[in-house]
Amino acid sequence: MGVKHGREYEQILNDFTEAVGRIPDSYEFFEMEAEDWDRLDPAGRQEVNEALAEDLFYALGTEPTITVGSSVVIYEPEQHRIYVLIGDEELTSVPLV
């Protein structure tokens, strides 16, 4: 289903991929081990992060809050944003319009 958006999907996906890439243990979403993540080259990590961003984008349409590793991803439809709370202090967001 996905979330409602006014920006080009590709732009949102690029921003969202960058945001989830800041989650230090995002690989846990795919049940990867830290050792497997560490073995990936930068291109491989980028692919995993992009797949994660795509999966989350569609899942947030039905589940507005999703835990990813030690972080939380939140869809706020009234604000037209996806927020990524990393730890207790770092917050980033992806505009949808």
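Glu31 is exposed in this predicted model, with a relative accessible area of 74%, where exposed denotes over 50% relative accessible area, buried under 20% and partly exposed the range in between (1.4 Å probe, protein chains only). The residue lies in the loop between α1 and α2, and its phi is near 60°, a positive value in a residue other than glycine. Helices (H or I, at least four residues) and strands (E, at least two) are DSSP runs, numbered from the N terminus. Residues are numbered from 1 along each chain as its sequence is written. Because the model is predicted, local features require pLDDT of at least 70 and side-chain atom pairs count only at pLDDT 80 or more, while totals for chains, interfaces and linings use all residues; side-chain values use heavy atoms, without hydrogens and water.

The loop between α1 (9–20) and α2 (34–39) also contains Phe29, which is partly exposed at 30% relative accessibility. Phe29 and Gly69 are separated by 40 residues in sequence, yet their C-alpha atoms are 6.2 Å apart in space. Gly69 belongs to the turn of the hairpin formed by β1 and β2, which has two residues between the strands, and adopts a positive phi of about 60°.

Strand β1 (residues 65–68) pairs with β2 in the antiparallel sense over four bridges, pairing of two strands being assigned if DSSP finds at least two bridges between them. Within this pair, Val68 has Ser71 of β2 as its bridge partner. On its other pairing, β2 is joined to strand β3 (residues 81–86), also in the antiparallel sense, over six bridges; here Ile74 stands opposite Tyr83 in β3. In a regular strand the side chains alternate between the two faces of the sheet. Strand β2 (residues 71–76) presents Ser71, Val73 and Tyr75 on a covered face, and Val72, Ile74 and Glu76 on an uncovered one.

The hairpin of β2 and β3 has four residues between the strands. His80, in the loop between β2 and β3, has a positive phi near 55°, in a residue other than glycine. Its relative accessible area of 38% places His80 in the partly exposed class.

Elsewhere, Glu47 lies in helix α3 (residues 42–59) and is exposed, with a relative accessible area of 59%. Glu47 gathers with Glu8, Glu10, Asp41 and Glu50 in a surface patch of negative charge. Patches comprise residues with over 30% relative accessible area and no salt bridge, like charges being joined within 9 Å and nonpolar side chains (Val, Leu, Ile, Met, Phe, Trp, Tyr) within 5 Å. A salt bridge is a side-chain nitrogen of Lys or Arg within 4 Å of a carboxyl oxygen of Asp or Glu.

How values were computed:
Areas by Shrake-Rupley, 256 points an atom, 1.4 Å probe, with all protein chains shown as cover. Lys, Arg positive; Asp, Glu negative; His and termini not counted. Charge placed at Lys NZ, Arg CZ, Asp CG, Glu CD.
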